[in-house]
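Take a look at the structure below. This report walks through how its parts meet.

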Amino acid sequence: MGFVAPFFLVGLAAVAVPIAIHLWGRSQAPRQPLATVVFLQRACRTVAPHRRLRQWLLLAARVAAVACVALVLAKPFVRMQRAVVQLGTAQNVVLLLDDSLSMRYRLDGESLFDRAKRQALDLVDSAAHGVRFALVLGAGQPNSEWTDDKARIRSALHAARASARAVDLGRAIRRAEQRVESASLESRVIVVFSDGSALLPDTKEPIQIVDVAKGTELPNRAITFVTLQPWHEGGPRGVQVLVGVSNFSTREAELPIALMLRDRLGAQGTVRVPGQSRTVHSFHAVLPEPGVFAGRVGLPEDALSEDDVRHFVVQGDRLLRVLMVNGDPRVVRHQDETFYLEAALNRAGQPQFDVTERMADAVGPAELQAVDVVVLCNVKRLGATANDLTRFVESGGGLLITMGENVDLAGLNQDLAALLPQPLASVWSTGSHREVDPSVARRLGRLEIGHPLLAPFSEMQGASLRSALFWKRVLLRPGVARDHGSVLAEFDDGAPALVEAKRGQGRVLLLVSTIDREWNDLPIRPGFLPLVQQAVRYLAGASMGEVAAPLLVGDTQRLVLGGQARRARVLRPDGKVIEVGVSKGNASFSDTEVVGTYQLEAQGEETRFLAVPELAFAVNVDPKESDLKKVTQPNQVRSVEKKALAQGQHREPLSGALAAALLGLLLAETFLGRRR
Amino acid sequence: MILLDPAALAGLEGLHVRARCVVEGALSGLHRSPQHGQSVEFAEHKEYSPGDEIRHIDWRAMARTDRYYVKRFEQETNLRAYLVIDTSKSMDYRGAPLSKLQYAATLAAALASVLLRQQDQVSLLACGSELTLYLPPRAHGGHLTEVISALEGLRGAGDTDLNGAATMIFERAKRRSLIVVFSDLLDMRTDALSGFCQLRAARHDVAVMHLLDPHELHLPFTETALFEGLEGEGHEQQLCDPEAVRAAYLEELAQFLGAARRTFTDGDIDYRQVDTASPPAQVLREFLSSRMAVRSRA
């Protein structure tokens, strides 16, 4: 509680006056002789209990009344921790609740989503009669209809639950815009309840933002990726598990970390992560037997516990299927475009890849269905195959695009417009001959070692990559912001060398030079083999033999059951069993709201369901939701709303209540002080 | 004849004057009993002196002796009255114009005047915590002056204990006498009046004038005060709002008065409750009337 005029609190000392009068009055009572005082004493004993209580109540009323006068003059108030939302003349209010994973962050014992609901309920309760509300959830479902019935909107708010998804708040705002577009601009407003970690798009709509975290920093630690690769020293079932751990707080963290395989402890250790940085921790384990293993890596739970664990499914003896599309076949083997690539993938004694080769015009849906990764090696154009390839990638396949003399930059830009991380611009060359002055050739500079693809690289391997010479490469044009890829490796002049993009459920890697020695000497560098193998593993959805690419919450899993399957059902991590429709041996499953490992059972000729372990898959949260750093909002947000971001405090005056109490006390004093 | 109220009486200088006014006021309304001096026994002759009743002249004796003699009857010659004044401290309380002690003295002086006028003997005793004054019974003309002088000198002090007076009377009164007690009966022990009950049992005529000040009777105070007693060790005190306790106080007082009335009535003692705000002459008149009525019944 605070006071506008605290000086008047000095008046509280006046409460001593009625007490002093009471005490002084007793001592200053006039003396009156009376012979019959004995009867007076008996009479007083009879009426004393009631009189005494009445006297005490009267004294208390007078003391309280004096105190009330002083307090009223001091103008007390209490600070109400409510969101300051100015509805103004708005009659149509869309309540947009960010129900993404980050809103499950627990602050002061309460999730941010529950706070958002509470503040939205406050807003509804405080709104004038007749204001219409609609509820939009960031994840998309469910949204309520327009209503001016406060009970209905309250019910919808109470029923809302935070999801485990990453939410595109911009799309949610666009959905909200569609709800209000029928209302006049002056009478509509969108109120967004969020944690402030999502950048809102530019919009002409009047938007008010409520930061439910009140500007508080939200430190968080998370496991952002898990990648597996063979651990040769461990034998055929040896596995190296690389775990990306990010620390989104300012303080260094030293955390225990554990690897579980089939719910048994496989390995454990400690990871130290400096503030605002990422570290890769490595486990080595040996799978006890052939087959599929569900595993997970976990940190101690923090305020956002869902990102402290990451699930995976691994098969120790699975081969990744790779299709090499040869755009420049040669009779002389070592001059062939795919010579070095095939050699790297078919390393003797360690069969991990099932490699096939086709020409570009021989690639069709059947071929694409049978592989995990496609590598385009100096392919001129794709023609009709481009559509099949696009569908392949978007449904989870991996694509590595390499350059060469045959590549038609404009044609490939057109064929792979939906897949290229960035459009191809022009060819840069130091000269026309493969032998070139090293001082003129370009080398690799920055490598994104923290990326799962490059994380396994040792320092020596990284140095080996940087030693490669490039005398010819393709320069890239900047892409559209939404589709822009991420650069995993740059040249020493800053130009992109290896760019990645996620397309649908698959990934695309673009190497701006050749996969053979035509434009560079990378194939003869020691780092070439691990780079190629890791790139293929990464494009296949993980590394060593992950059965399938781990999904994110909300993604759809494509299930290739085979022609024998008649029925199939999925066992969710929470125990729920969901039957899926099977069509020509294929099925898709999209009920992936729960994090964990999903098992599949199929029914063919036999009458009972049988487990299909190789079709198990893992679902994890999107690591983007783990960074709760506040971002600056666009300028169209009104200044009033910017104040709301800091969660301004509302002063509730108490003078009125105290004045009413004073009036009551004076009436009580009058009643108690009257003579009967 | 106007009955002077205590306020008017208080303005009169001297008990002698006040007593005379009271007597005149009392007797003026008092009807003489038609049987006064007629049905009682002849006791003796007395030589006529001016002022004696003409009708009491014994003409036979005059014929025999050629001298005027008046008859004296039994009750005219044998009445002996003991007036007992309570001089405890509480009798000094003044709420009315006259304190209870002054009122008692005025009443006693008036009664003594009436009795002495009738040639009755009057004795005066003053008693607080102990007997402080005793005037033997006398009937001569100057005795009234002695009585009045003694009454004027009375001052309230100490507690109340009338048994000393009762004992004195019991020892001295050999024949039936009239005993009138003037007291407020406050702070009395339960056996304080047992002596007078014994006197009544010994066929004496006992009357109690229970004097109470109007303040004591009505508790007219309105302001909170520290009320202090006048008797008892350490003097009892009570701080209270009289408005709040008046009803309970009057109830307690009524119980006390009722108990006193029952005690004296059961003991066949003439009990009279006297408000010292009422005119003493009226009180005396009523007392004398009742005496005369008793005599006529006897």
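## A salt bridge between chains

A:R31 forms a salt bridge with B:E228. The closest N and O atoms of this pair are 2.4 Å apart. The pair crosses between chains: A:R31 sits in strand β2 of chain A, and B:E228 sits in strand β8 of chain B. Keep in mind that this is a predicted model. Why can such a pair form? Side chains of opposite charge can pair when their charged atoms come close.

A further salt bridge links B:E252 with A:R42. Here the closest N and O atoms are 3.9 Å apart. The distance falls within the 4 Å cut-off, so the pair counts as a salt bridge. Between chain B and chain A the count is two salt bridges. Over all chains, the count comes to 38.

A:R31 has another link to chain B. Its bridge partner in β8(B) is B:L226. Strand β2 of chain A covers residues 31–33. Three bridges join this strand to β8(B), and the two run parallel.

## The interface as a whole

How many residues of chain B are in contact with chain A? The count is 31 residues of chain B, in contact with 20 residues of chain A. The area buried between the two chains is about 2500 Å². Carbon and sulfur atoms give 67% of that area. In chain B, the residues that lose the most area to chain A are B:E228, B:Y249 and B:E252. Together they account for 20% of what that side buries.

Polar contacts also cross this interface. The rule finds seven residue pairs in polar contact, with both residues at pLDDT 80 or more. Four elements of chain B each supply at least two residues of the side that touches chain A: α9 (214–218), β8 (225–228), β9 (237–240) and α10 (242–266). Which element gives the most? It is α10(B), with eight residues. By type, the residues on this side of chain B divide into 16 nonpolar, seven polar and eight charged.

## An aromatic pair

A search of the whole structure finds 10 aromatic pairs over all chains. In one of them, the rings of A:F39 and B:F256 have their centres 5.0 Å apart. Their planes lie at 40°, so the pair is tilted. This pair crosses between chains, from helix α2 (residues 37–74) of chain A to helix α10 of chain B.

## Strands within chain A

Now turn to pairing inside chain A. Strand β12 (residues 253–261) is joined to strand β15 (residues 292–298) by four bridges. These two strands run antiparallel. In β15(A), the bridge partner of A:M260 is A:R296.

β15(A) is also joined to strand β16 (residues 309–315) of chain A. Seven bridges link them, and they run antiparallel.

Methods. Residues are numbered from 1 along each chain as its sequence is written. Chains are lettered from A and ligands numbered from 1 in the order in which they are written. This is a predicted model: local features need pLDDT of at least 70, side-chain atom pairs count only at pLDDT 80 or more; totals for chains, interfaces and linings use all residues. Side-chain values use heavy atoms; hydrogens and water are left out. Contact means heavy atoms within 4.5 Å. Buried area is the accessible area (1.4 Å probe) that two parts lose on being put together, summed over both. A salt bridge is a side-chain nitrogen of Lys or Arg within 4 Å of a carboxyl oxygen of Asp or Glu. A polar contact is a pair of N or O atoms within 3.5 Å; within protein, one must be able to donate a hydrogen and the other to accept it, and residues adjacent in sequence count only if both atoms are side-chain atoms. Ala, Val, Leu, Ile, Met, Phe, Trp, Tyr, Cys and Pro count as nonpolar, Asp, Glu, Lys and Arg as charged, and the others, Gly among them, as polar. Two strands pair if DSSP finds at least two bridges between them. Rings of Phe, Tyr and Trp (its six-membered ring) pair if their centres lie within 6.5 Å; planes under 30 degrees apart count as stacked, over 60 as edge-to-face and the rest as tilted.
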